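Hi there,

Here is the structure I promised to pass on. Have a look at it first, and my notes follow below.

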Amino acid sequence: MGAERYTKYLPPMVAGLKEFQKMGSVESIILEEMEQAKCDVEANQWIQTATKKGLLRRMHMMGLQPLQEQDTEALRSDVLAKWNAHRPYTWWILCHWLDAYCGVGKYEITLDYAKYTLQIVLALSQKQKQKDIFLFWRNLLPANILFFVELRRNTHADVAVMTHQGLKGGKWSYGEIPFVDFSAI
């Protein structure tokens, strides 16, 4: 774009001078930075469109601690989960929140009415969310409910019937860790 953005506002007799061309190229950089800053400020007003910097700022205001290796979408998910927090008066709301935060099928949930217990068992791929889920829901659930958030560690039952060749041919993965055949190396 260069100097055109600046020089189009100048009279034609000075727009062609080298000094004004140079000033225009410097000013155009400043104007582009200002336009980008304006776009970022506008995007950071909403969680769905915020940049990583905006999400980190919002997390700081909400009292959340981001993990250092989190990408923008993981930050967005954490902020939305906290932002949309409300008491789960229905089973559907609780399951809907877990679907949004963990992903569909990446947890199992059990409510035992007789014992007043609620147990959430997370897939291994959701290990980093275990503590956050416990702390978040411990504040929302009634005090007389025993609440547990655990990891589904023993996947032996899933693969016990399979042979080595079956695992190799089926492209089976352990959580998000794919099966690797080291015998070919």
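Contact here means heavy atoms within 4.5 Å. With that in mind, the buried residues of helix H4 pack against H5. Please remember that this is a predicted model.

Which residues of H4 are buried? They are Gly54, Leu55, Arg58 and Met59. These four cover an arc of only 140 degrees around the axis, so they sit on the same side of H4. An α-helix has 3.6 residues a turn, so residues three or four places apart point the same way. The other side of H4 carries Lys53, Arg57 and His60, which are exposed. After H4 comes glycine 63, with a positive phi near 80 degrees.

Now to the partner helix. H5 runs over residues 72–83, twelve in number. From its first C-alpha to its last it reaches 16 Å, close to the 16 Å expected at 1.5 Å a residue. Its buried residues are Leu75, Arg76, Asp78, Val79 and Ala81. What do the buried residues of H5 pack against? They pack against helix H4 (52–62), helix H6 (91–102) and helix H7 (130–140).

One more spot to look at is on the surface. Val26, Ile30 and Met34 form a nonpolar patch there, and together they have about 270 Å² of accessible area. Methionine 34 lies in helix H3, which covers residues 18–43. Is methionine 34 buried or exposed? Exposed means over 50% relative accessible area, and methionine 34 counts as exposed because its relative accessibility is 53%.

Best wishes

Methods
Residues are numbered from 1 along each chain as its sequence is written. This is a predicted model: local features need pLDDT of at least 70, side-chain atom pairs count only at pLDDT 80 or more; totals for chains, interfaces and linings use all residues. Side-chain values use heavy atoms; hydrogens and water are left out. Patches are made of residues with over 30% relative accessible area and no salt bridge: like charges are joined within 9 Å, nonpolar side chains (Val, Leu, Ile, Met, Phe, Trp, Tyr) within 5 Å. Accessible areas come from the Shrake-Rupley method with a 1.4 Å probe; for residues, only the protein chains shown count as cover. A salt bridge is a side-chain nitrogen of Lys or Arg within 4 Å of a carboxyl oxygen of Asp or Glu. Helices (H or I, at least four residues) and strands (E, at least two) are DSSP runs, numbered from the N terminus. Buried means under 20% relative accessible area, exposed over 50%, partly exposed in between (1.4 Å probe, protein chains only). The expected span of a helix is 1.5 Å times one less than its number of residues. The arc is that of the directions from the helix axis to the C-beta atoms.
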